[in-house]
Amino acid sequence: MTAADALSAVVAGEDAAIYAYEVAGARLSGAARRRALAGLDSHRAHRSQAAAKLAAADGTVPGAAAAYTLPADVSTPKGARSALAAVDNALVATYADAAAALSAGDRRWAARAGAEYATSAVTWGADPQAFPT
Amino acid sequence: MPAPSELPGITRRTGLALALAAPIGLLAACSDGASDAAEPAGSDGSGDGPSGEQAVDQAVQEADLVALYDAVLAAFPGSDAADVLTAVRDQHARHRDALGGATGPSAATPTVPTTLRAALTALADTEREASRARIRACVDAADPEKARLLSLIAASEASHVPALRAARDEATA
């Protein structure tokens, strides 16, 4: 996988996560709502960083879809948590691919993002995994 | 070169395992202040060892974590946290094997705090530091596939932190 391909996958994955956080976050309240808003900020920041790195690598930044299929029914708070855990865990593998394709500081950026989202997934209720997917 | 067991404090992991007996404040000061300086050669860039040596080093650190969890499980048999401790222990065993395996942990049986709550707090700190060490090794890895693996292990270890903290908050003592 080239660096541009890996970064393009990160942008696409972050767009899906941003959609999930916007939709599922609205179903949450209190501390969970605040955590969802903080997570939304984090995903937007990483999307922006990935797009900047991709543009710097002469890659074409993919646009976001109008809507995404969510990994769980988010009509209840439990379902919303489950959906957010799934989108965060899915990003861990995407960032690991990016860590393999990138080098030095960009690799550190990717590995840190993967660690952040694996942690977030467990905070949303997922079980820890040896190799998160 | 002497066998690791003959050298005091040969790895950072050994130090962390032994530091489990130390007060939490001490642990926090240790991991926040001296994390880079205390890292063994080979994973902080100063060693520039070949990736094979680095892989062995990371695998031994995972074996040390397995031994640490075994010690905590033995110290608190049948506790409410046994399920999460066993699950996390087994994940470190999978990390160790994916990194090429290790003949065994580098140190003698680690010291375990006297209360389960203290042990879980210290384990969460140790996992956070382990994740940081794996990210440093990921950045230094010469082989992209090794970087990918270390990134996943770093993520796994970071994700152990909230699981251990939740278990701690549920522990009565």
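Tutor: Two residues are in contact if their C-beta atoms, placed from the backbone, lie within 7 Å. This is a predicted model: local features need pLDDT of at least 70, side-chain atom pairs count only at pLDDT 80 or more, and totals for chains, interfaces and linings use all residues. Residues are numbered from 1 along each chain as its sequence is written, and chains are lettered from A and ligands numbered from 1 in the order in which they are written.

Student: What share of the contacts in chain B with a separation of 6 or more joins residues 24 or more positions apart?

Tutor: In chain B, 77% of those contacts do.

Student: Which secondary structure does chain B have?

Tutor: Chain B has 6 helices and 0 strands. Its pattern along the sequence is α-α-α-α-α-α. Helices are DSSP runs of H or I with at least four residues, strands are runs of E with at least two, and both are numbered from the N terminus.

Student: What makes a residue of chain B count as buried, and what percentage of chain B is buried?

Tutor: A buried residue has 20 or more other C-beta atoms within 10 Å of its own; 12 or fewer means exposed, and in between is partly exposed, with C-beta atoms placed from the backbone. Of the 173 residues in chain B, 51% are buried.

Student: Why is H1(A) called roughly antiparallel to H3(A)?

Tutor: H1 (residues 3–25) and H3 (residues 77–101) of chain A pack at about 170 degrees, with axes 9 Å apart. That angle makes H1(A) roughly antiparallel to H3(A). The cut-offs: under 35 degrees is roughly parallel, over 145 roughly antiparallel, 65 to 115 roughly perpendicular, the rest oblique. Axes are lines fitted to C-alpha atoms, for helices over the stretch in contact, and angles run from 0 to 180 degrees between N-to-C directions.

Student: Which classes of residue form the contact of H1(A) with H3(A)?

Tutor: There are 19 nonpolar, 2 polar and 1 charged. Ala, Val, Leu, Ile, Met, Phe, Trp, Tyr, Cys and Pro count as nonpolar, Asp, Glu, Lys and Arg as charged, and the others, Gly among them, as polar.

Student: How do you know that H4(A) is roughly antiparallel to H5(B)?

Tutor: The axes of H4 (residues 104–123) of chain A and H5 (residues 116–140) of chain B cross at roughly 150 degrees and come within 9 Å. The angle therefore makes H4(A) roughly antiparallel to H5(B). Among the residues in this contact are Arg107(A), Arg108(A) and Arg112(A) of H4(A), and Ile135(B) and Cys138(B) of H5(B). The classes here are 6 nonpolar, 1 polar and 3 charged.
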